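Me: I am new to this structure. Please pick one spot and look at it closely, then walk me on through the other parts you can describe.

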Amino acid sequence: MHVSHLECPQCTNTYEGGRRIQVCACGSPLLVRYALDRVGKALNRQDLLQRPATLWRYRELLPVRDETSIVSLGEGMTPLVRASQLGERFGFENLFIKDEGIIPTGTFKARGAAVGVSCAREVAVDTLAMPTNGNAGGAWAAYCAAAGIRCVIVMPRDAPAINTKEIAVTGADLYLVDGLISDAGQIVGRAVAQHGWFDASTLKEPYRIEGKKTMGFEIAEQMGWRVPDVIIYPTGGGVGIIGIYKAFQELQALGWIGEKMSRLVAVQASGCAPIVKAYEKRQNISEFWEGAATCAFGITVPKALGDFLVLEAVYASRGCAVAVTDEAILEAQARIAAAEGNFVCPEGAATFAAARQLLEQGWINPEEEVVLLNTGTGLKYPQTVQAAPPLLAPGDDLPAKG
Ligand SMILES: Cc1ncc(COP(=O)(O)O)c(C=O)c1O
Ligand SMILES: [Zn+2]
């Protein structure tokens with residue numbers, strides 16, 4: 001275990017690792033810092049080749065102290081696939097999809113849950129609570145079940161139906177709220193204060209981000225220890241984009257990748273785009289987005305606790321933030337499936353809609369290496385696709401052409 005301390009990115013406070021902790025006394029999320037000089041001595045890149053293809057291959061850069069605390073469903077090392085047909089059709093010479101569609105629970109939320117729940121188990125949490133837009137709840141409920149931790153979840157009633165079922169089947173205590181994730185968060189906030197539960201809300205504990213940063217480690221490893229020119233990420237709470245930026249900073253400090261930093265793009269839906277609005281005004285924090293609504297439900301986050309960290313990652317990497325319409329998202333979803341055979345979630349599809357927009361504007365050059373982060377499988381969102389195939393009678397013949 002190489003955690004040196006937990007650090008507040010807002011004030012100068014530091015905290016010891018390995019304890020039950022939520023946010024800084026000032027209210028800011030905490031970031032885990034490692035003794036990277038020690039990690040560099042304990043581990044080299046070649047060692048990784050012998051290890052299993054899960055995110056635990058980076059265990060020296062993760063916060064779990066004792067390996068017996070690890071709760072794993074086999075998560076991590078998802079494919080980085082070259083999207084040749086899609087790229088060729090739309091003018092990208094080097095387009096890739098980092099595909100989280102095949103990870104346990106069907107979305108990248110499994111990464112944050114695996115590490116977050118393992119750390120919670122290590123500090124003897126018996127009940128944790130969280131608000132969710134659905135996929136994080138599905139993932140945390142699954143890992144809590146495996147860990148024997150009681151899990152209390154509050155979710156907007158408009159979340160995808162499958163999320164209700166995947167959470168309920170684990171035996172978690174699930175409540176729906178007639179409101180948004182921000183309303184669910186307030187209910188959870190009151191409950192943890194009253195009952196002394198652990199608050200696993202986005203960035204209210206420091207370890208979820210550590211799980212999500214492994215997407216950055218994997219992209220670098222899969223590209224031969226270099227980073228692509230651009231990574232496009234569907235941004236809700238922002239943990240993934242903050243995590244990838246943190247991962248690359250750690251790899252740079254270890255000397256495992258060069259100085260180059262990928263330009264990080266935060267994509268939001270035009271029906272809920274607080275980060276984009278802040279970026280356009282060159283602000284460092286966002287404002288609450290009223291009336292948030294989009295088919296990409298996972299990124300319906302009107303105000304993220306870590307907004308300042310998302311914006312910092314975007315500005316410092318010379319990235320940008322863009323909004324795409326639901327219409328463009330659904331079109332992108334169909335294009336990706338037709339060209340690549342990959343049924344991506346609407347959040348993942350939003351990254352391709354953004355890529356097209358940025359290529360058209362000249363912000364991306366055709367030859368640049370662009371990685372789209374598909375955060376989950378489209379199978380979780382059957383309602384985003386309409387299909388009405390012709391119905392045959394048993395004796396009917398098929399036409400030669402459809
Ligand atoms: C499929 C999907 N993509 C993206 C996101 C946004 O994640 P982040 O908190 O990392 O911005 C979510 C969050 O719920 C999600 O479910
Ligand atoms: Zn602080």
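Reply:
**T54 and its surroundings**

T54 is in contact with G74, E75, G76 and M77, leaving aside its neighbours within four places in sequence. The model is predicted. Where does T54 lie? It lies in the loop between α2 (45-48) and β4 (80-82). Is T54 buried or exposed? Its relative accessibility is 16%, and buried means under 20%, so T54 counts as buried.

Next, the metal site. The zinc ion is ligand 2. Which residues hold this zinc ion? Its donors are C8, C11, C24 and C26, each through its SG atom. The distances run from 2.2 to 2.3 Å. What is the geometry of the site? The angles among the four donor atoms are 106 to 119 degrees. Four donors count as tetrahedral if all angles lie between 85 and 135 degrees, so the site of this zinc ion is tetrahedral. Along the sequence, the donor residues follow the spacing C-x2-C-x12-C-x1-C. Two of them, C8 and C26, link distant parts of the chain. C8 sits in the loop between β1 (3-7) and β2 (14-15). C26 sits in the loop between β2 and β3 (31-34). The pair is 18 residues apart. C8 has a relative accessible area of 4%, so it is buried. C26 has 44%, which lies between the 20% and 50% limits, so it is partly exposed.

Now the helices. Take α5 (residues 135-147) and α6 (residues 161-168). These two helices pack at an angle of about 15 degrees. Their axes are 8 Å apart. Why call them roughly parallel? Angles under 35 degrees count as roughly parallel, and therefore α5 and α6 do too. The crossing of α5 past α6 is left-handed. Which residues meet there? On the α5 side they are N135, G137, G138 and A141. On the α6 side they are N163, E166 and I167.

A second pair is α9 (residues 214-222) with α10 (residues 239-254). Here the packing angle is about 55 degrees, and the axes are 7 Å apart. That angle makes α9 oblique to α10. In this case, α9 passes α10 in a right-handed crossing. From α9, the contact uses M215, G216, F217 and A220. From α10, it uses G240, I244, A247, F248, E250 and L251.

How many residues of α9 are buried? Eight of its nine residues are, and the helix is mostly covered. The buried ones are T214, M215, G216, F217, E218, I219, A220 and E221. After α9 comes G224, with a positive phi near 80 degrees.

R318 follows α12, and its phi is positive, near 60 degrees.

Which residues does I299 touch? Residues up to four places away in sequence are not counted. The list is P234, T235, G236, V267, Q268, A269, C272 and E347. I299 is 16 residues from Y315 in sequence, and their C-alpha atoms are 20 Å apart.

The last stop is Q357, in helix α14 (residues 346-360). Its relative accessibility is 29%, so Q357 counts as partly exposed. Q357 touches V322, A323 and V324, again without counting residues up to four places away in sequence. How far is Q357 from A113? The two are 244 residues apart in sequence and 33 Å apart in space, C-alpha to C-alpha.

Conventions: Residues numbered from 1 in each chain as written. Chains lettered and ligands numbered in written order. Predicted model: local features only at pLDDT ≥ 70, side-chain atom pairs only at ≥ 80, totals over all residues. Heavy atoms only, no water. Donors = N, O, S within 2.8 Å, 3.2 Å for Na, K, Ca; no water. Tetrahedral: all angles 85-135°; square planar, octahedral: opposite > 155°, others 65-115°. Helix = DSSP H or I, 4+ residues; strand = E, 2+ residues; numbered from the N terminus. Buried < 20%, exposed > 50% of the residue type's maximum accessible area, 1.4 Å probe, protein only. Axes fitted to C-alpha atoms, helices over the stretch in contact; angles between N-to-C directions. Parallel < 35°, antiparallel > 145°, perpendicular 65-115°, else oblique. Left-handed = near helix turned anticlockwise from the far one by under 90°. Contact = heavy atoms within 4.5 Å.
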